[in-house]
Amino acid sequence: ADRMYLAKKIHLRCTNIKRGITSLASLLSRSNSTEVLDLSLNELGNEGITELCDAISSQCREQSSLHSIFLRRCQISCQGVMSIASLLVPSNSVWAPLPIKTLDLSRNEIGSDGVTALAKAISWNGCSLQALDLSRCNITAERSRGLHRLFSVLLSNARDAVIASANRDCVYASVVDSGVQLAEHTSNLVSLRLNGNDLRSDCFNVIAACIAGDSFTDDNS
């Protein structure tokens, strides 16, 4: 099909777009011009998100302009998050990853496997994601394995990272010149938001271990 031009910014918050997701997906699959896609506050669910991600994946990735995706409170769970994570890495040895720099998944029940899927994608060398919002995603101590991986990715950047806790106190972790041995790969992730999650002692132990450069054992594994 011929390529077509869509608006650079598509804002469809709270528009009941679920009924038209197939049409939107079809349009996105034929265009590389959209830079910002905001579908927050729509009941897309895993089925709608998967269809959307399939359409975005079919774009010519080397020419894609999409850098920001906002999916706040879209009733996405682990299955949907795995589809989203697939956008952050190459779909095969030929296609490049999408240039997504900002991803908002706040207020979705992403689960332990969802956190881990995102962490695996973000830890890949070519992932361009810089800001990830997982606020109020019901992340608890049981999600510690995925969180540990995310924090390890942040630490490997040797940049400043801001982590917001459930009580709105801000933990500012500067890892520049920290003396911590850095990972061989370098991710672009510099901002991870975790506001409104039940980060109890186990999760903060994960944060502390990563900042200190210590290994962490997940007792729930």
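Are H2 and H3 roughly parallel or roughly antiparallel to each other? This is a predicted model, and the answer can be worked out from its axes. Two packed helices are described by the angle between their axes and the distance between the axes. The axes of H2 and helix H3, which covers residues 78-85, come within 8 Å and cross at roughly 10°. Angles under 35 degrees count as roughly parallel, and therefore H2 and H3 are roughly parallel to each other. On the H2 side, the residues that make the contact are Asn46, Ile49, Thr50 and Cys53; on the H3 side, they are Gln79, Gly80, Ser83 and Ile84.

The residues of the contact of H3 with H4 divide into seven nonpolar, one polar and one charged.

How many of the eight residues of H3 are buried? The number is six, so H3 is mostly covered. The buried residues are Cys78, Gly80, Val81, Ser83, Ile84 and Ala85. They pack against H2, H4 and strand S4 (102-104).

Nine of the 12 residues of H4 are buried, and the helix is mostly covered. Among the buried residues are Gly111, Val115, Thr116, Ala119 and Ile122.

Now consider the protein chain as a whole. The chain has six helices and eight strands. Along the sequence, they follow the pattern β-α-β-α-β-α-β-α-β-α-β-β-β-α. Of the 221 residues in the protein chain, 49% are buried. Among contacts in the chain with a separation of 6 or more, 85% are between residues 24 or more positions apart.

Ser106 is in the loop between S4 and H4. Why is Ser106 counted as buried? Its relative accessible area is 5%, and buried means under 20%. Leaving aside neighbours within four places in sequence, Ser106 is in contact with Leu71, Arg72, Arg73, Asp133, Ser135 and Cys137. The other example is Leu192, found in strand S8, residues 191-193. At 0% relative accessibility, Leu192 counts as buried. Leu192 and Ser135 are 57 residues apart along the chain, and their C-alpha atoms are separated by 9.0 Å.

Next, look at the backbone in two loops. Most residues other than glycine have a negative phi. Asn16 is not a glycine, yet it has a positive phi of about 55°. Asn16 sits in the loop between strand S1 (9-11) and helix H1 (21-28). With 47% relative accessibility, Asn16 counts as partly exposed. Leu41 is another residue other than glycine with a positive phi, near 65°. Leu41 lies in the loop between strand S2 (36-38) and helix H2 (45-57), and its relative accessible area of 27% makes it partly exposed.

The last topic is the cysteines. A disulfide is a covalent bond between the sulfur atoms of two cysteines. How many disulfides does a search of the whole structure find? The search finds zero. Is Cys14 buried or exposed? Cys14 counts as exposed, at 59% relative accessibility. Cys53, by contrast, counts as buried at 4%. Cys53 is also one of the H2 residues in the contact with H3, the pair of helices with which this account began.

How values were computed:
Residues are numbered from 1 along each chain as its sequence is written. This is a predicted model: local features need pLDDT of at least 70, side-chain atom pairs count only at pLDDT 80 or more; totals for chains, interfaces and linings use all residues. Side-chain values use heavy atoms; hydrogens and water are left out. Buried means under 20% relative accessible area, exposed over 50%, partly exposed in between (1.4 Å probe, protein chains only). Helices (H or I, at least four residues) and strands (E, at least two) are DSSP runs, numbered from the N terminus. A disulfide is a pair of cysteine sulfur atoms within 2.5 Å. Axes are lines fitted to C-alpha atoms, for helices over the stretch in contact, and angles run from 0 to 180 degrees between N-to-C directions. Angles under 35 degrees count as roughly parallel, over 145 as roughly antiparallel, 65 to 115 as roughly perpendicular and the rest as oblique. Contact means heavy atoms within 4.5 Å. Ala, Val, Leu, Ile, Met, Phe, Trp, Tyr, Cys and Pro count as nonpolar, Asp, Glu, Lys and Arg as charged, and the others, Gly among them, as polar.
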